[in-house]
Amino acid sequence: MLLEVRDLHVEFHTRDGVAKAVNGVSYGVDAGETLAVLGESGSGKSVTAQTVMGILDVPPGRITAGEVLFEGRDLLKLKEEERRKVRGAEMAMIFQDALSSLNPVLTVGAQLAEMFTVHRGMSRKDAHAKAVELMDRVRIPAAKERVRQYPHQFSGGMRQRIMIAMAMALEPKLIIADEPTTALDVTVQAQVMDLLAELQRELHMGLILITHDLGVVADVADKIAVMYAGRIVETAPVHDIYKAPAHPYTRGLLESIPRLDQKGQELYAIKGLPPNLTRIPPGCAFHPRCPMAQDVCRTDVPPLYDVTESDAERGSACHFWRECLHD
Amino acid sequence: MPEQQPYEPERAIAGTGMGGQMDLGASEAVTLEKTPGGPEGTGPQDKPRSLWSDAWHDLRRNPVFIISALVILFLIVISIWPSLIASGSPLKCDLAKAQEGSQSGHPFGFNGQGCDVYTRTVYGARTSVAVGVLATLGVAVLGSVLGGLAGFFGGAGDAVLSRITDVFFAIPVVLGGLVLLSVITSNTVWPVIGFIVLLGWPQISRIARGSVITAKQNDYVQAARALGASNSRLLLRHIAPNAIAPVIVVATIALGTYISLEATLSFLGVGLKPPSVSWGIDISAAAPYVRNAPHALLWPSGALAITVLAFIMLGDAVRDALDPKLR
């Protein structure tokens with residue numbers, strides 16, 4: 001495994017009490033593999049990613065337990081200075097909103113070149129040439145001229161491509177993309193995802209794709225981890241999950257995608273709201289919203305059951321995964 | 001960010017109306033011709049402009065800025081070389097001519113000691129400009145370094161600094177000046193500058209702290225951190241350029257008030273003392289004879305008022321130019 005997160009717990013100390021944002025998350029990515037992490041806002045997917053990157057704000061955040069193994073090293077045990085060297089060079093992150101992720105007072109070329117001057121100690125001139133090369137590579141037309149422009153002079157899709165270029169600059173082994181296409185037009189989303197997938201193949205990188213867009217996931221991901229209230233509730237290879245979800249929450253998510261053959265009907269929605277993280281319901285956190293909930297769900301926290309029916313590695317944190325799978 | 005307006009040749013022509021503006025307008029037009037739109041059909045590209053060049057672009061067209069800048073330039077020149085426009089010595093007085101009005105060679109008349117009011121008014125600029133500029137520099141450097149570090153690192157240091165600024169805010173400026181400066185016997189500008197820096201830095205420190213905290217929360221700072229930037233790099237390259245504008249604005253406006261504060265302290269007898277030449281001293285000395293010799297009071301007061309006004313107007317113009325929301 002390139003990256004392995006083991007039993008990670010993160011909490012935030014707020015005025016309302018302790019918010020348990022991540023409660024025992026484990027997942028792994030291999031080189032060349034794409035893991036999609038799905039979940040609603042507040043499910044802990046971004047906090048997990050920030051912890052892996054080491055950019056979680058501590059305080060208010062606190063990592064209470066767990067390991068983040070990157071090529072076998074536990075990143076959580078490294079000193080900040082060593083972690084900083086890992087960031088950017090060995091793992092990099094792409095954020096949701098590319099306009100706000102680029103410094104408005106520096107030209108995009110300066111920001112791209114910075115990756116090389118800071119991490120590789122290149123001269124300004126060489127770094128500038130590299131920046132042009134990178135912009136070419138992410139298919140920005142007239143890269144030679146546009147390298148001297150400021151972020152606000154680019155369209156949304158181009159800005160996201162520049163962010164991708166920055167993340168790819170040092171050919172890291174792992175990329176975490178936090179909702180990279182959410183702020184973009186649908187047509188541009190596809191181009192950006194294609195570019196990301198293509199570069200990933202070329203460089204044989206591991207990719208963690210954080211999203212709530214199931215449409216994006218189906219095309220590019222190898223496996224999926226579905227998160228709810230800071231836990232992984234289902235993990236499976238991408239095709240299995242679309243064919244037959246083994247958790248009622250995943251099923252709810254899939255059913256709430258608009259479909260062409262159900263035109264005119266009311267769209268399905270999972271009833272209720274995601275739980276308040278300072279007061280996560282006892283038992284299965286999803287039980288107040290679950291159509292299949294029984295008494296046992298209110299008291300017993302379901303472990304991640306091994307869903308053995310398919311050949312692939314698959315897990316579901318539902319007491320009734322069998323019923324769900326065959327329903 | 002508002003869209004960049006396409007370049008309009010009329011603007012350059014309009015700019016030529018004002019003497020020295022001609023060269024700027026013409027050279028801009030020439031550089032623009034050299035950078036036409038990319039051959040790949042990217043359309044006519046605007047010359048990339050940063051916040052600062054945008055601000056300069058605005059300022060050059062603002063009559064308030066031009067007038068106040070010319071006044072300030074004039075003040076700076078005469079405070080460095082007062083003999084350019086005043087041939088006599090400000091300390092050469094003839095009691096026989098006390099309180100006499102305007103006469104040939106002495107356009108502003110004589111004061112109560114029979115000194116030439118014109119020469120003293122010209123030489124008084126040196127004190128005012130020196131105190132204003134040096135005190136502002138000290139305040140800006142001390143305040144922004146302390147406030148910036150407190151805002152960036154937060155925690156206990158920040159809490160302590162914030163309470164210290166509260167304490168300083170509670171000190172009444174004039175009363176503090178009377179107490180602190182009355183025990184100092186040195187007759188140079190330094191005690192006055194030191195006093196102003198001592199009482200002035202908390203204001204800038206607060207502004208700097210606030211704007212660093214705002215800039216720190218920007219996604220691009222998080223993004224730069226995720227790509228491996230160190231704290232010093234984040235602070236100097238990503239945060240400082242985006243946080244410095246409010247500091248510059250407040251400092252420019254404060255410069256005017258520091259000049260009037262020096263005059264106030266000198267008027268009260270605790271700032272500079274004779275034989276130093278300062279508008280405050282002259283105003284103080286002329287005040288009792290205002291009915292017999294109003295000119296001895298009006299000229300230094302007028303010079304002080306114009307100087308303070310010029311700096312405050314300059315600060316206003318700079319603020320308008322640096323605030324993107326006013327565009």
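Reader: Which residue is the bridge partner of Tyr228(A) in strand 10 of chain A?

Author: That partner is Arg231(A). Before we go on: this is a predicted model, in which local features need pLDDT of at least 70 and side-chain atom pairs count only at pLDDT 80 or more, while totals for chains, interfaces and linings use all residues. Residues are numbered from 1 along each chain as its sequence is written, with chains lettered from A and ligands numbered from 1 in the order in which they are written.

Reader: What makes strand 9 and strand 10 of chain A a pair?

Author: Strands here are DSSP runs of E with at least two residues, and helices are runs of H or I with at least four, both numbered from the N terminus. Two strands pair if DSSP finds at least two bridges between them. Strand 9 and strand 10 (residues 231-237) of chain A are joined by six bridges and run antiparallel, so by the cut-off of at least two they are a pair. Their hairpin has two residues between the strands, and Ala229(A) takes a positive phi near 50° there.

Reader: How do you know which strands pair with strand 3 of chain A?

Author: The bridges tell us. Strand 3 (residues 34-38) of chain A pairs with strand 9 in the parallel sense over four bridges, and five bridges join strand 3 to strand 8 (residues 206-211) of chain A, also running parallel. Val37(A) has Ala225(A) as its bridge partner in strand 9, and it stands opposite Ile210(A) in strand 8 of chain A.

Reader: Why are strand 6 and strand 11 of chain A called edge strands?

Author: Look at the whole sheet: it is open, has eight strands and mixed pairing, and its order in chain A is 6-7-8-3-9-10-12-11. Strand 6 and strand 11 (305-306) of chain A each pair on one side only, and they are the edge strands.

Reader: What makes strand 9 of chain A mostly covered?

Author: A residue is buried if 20 or more other C-beta atoms, placed from the backbone, lie within 10 Å of its own, exposed if 12 or fewer, and partly exposed in between. Six of the six residues of strand 9 (residues 223-228) of chain A are buried. In a regular strand the side chains alternate between the two faces of the sheet. Here Lys223(A), Ala225(A) and Met227(A) on one side are buried, as are Ile224(A), Val226(A) and Tyr228(A) on the other, and both faces are covered. Helix 11 (residues 248-255) of chain A lies across strand 3, strand 9 and strand 10, at about 105° to strand 9.

Reader: How do you know how enclosed helix 5 of chain B is?

Author: Of its 37 residues, 27 are buried, so helix 5 of chain B is largely enclosed by the rest of the structure.

Reader: How does helix 5 of chain B pack with helix 12 of chain B?

Author: Helix 5 (residues 117-153) and helix 12 (residues 294-322) of chain B pack at about 30°, with axes 10 Å apart. Axes are lines fitted to C-alpha atoms, for helices over the stretch in contact, and angles run from 0 to 180 degrees between N-to-C directions. Residues are in contact if their C-beta atoms, placed from the backbone, lie within 7 Å. Among those making this contact are Gly124(B) and Ser128(B) of helix 5 and Trp299(B) and Phe311(B) of helix 12.

Methods:
Two residues are in contact if their C-beta atoms, placed from the backbone, lie within 7 Å.
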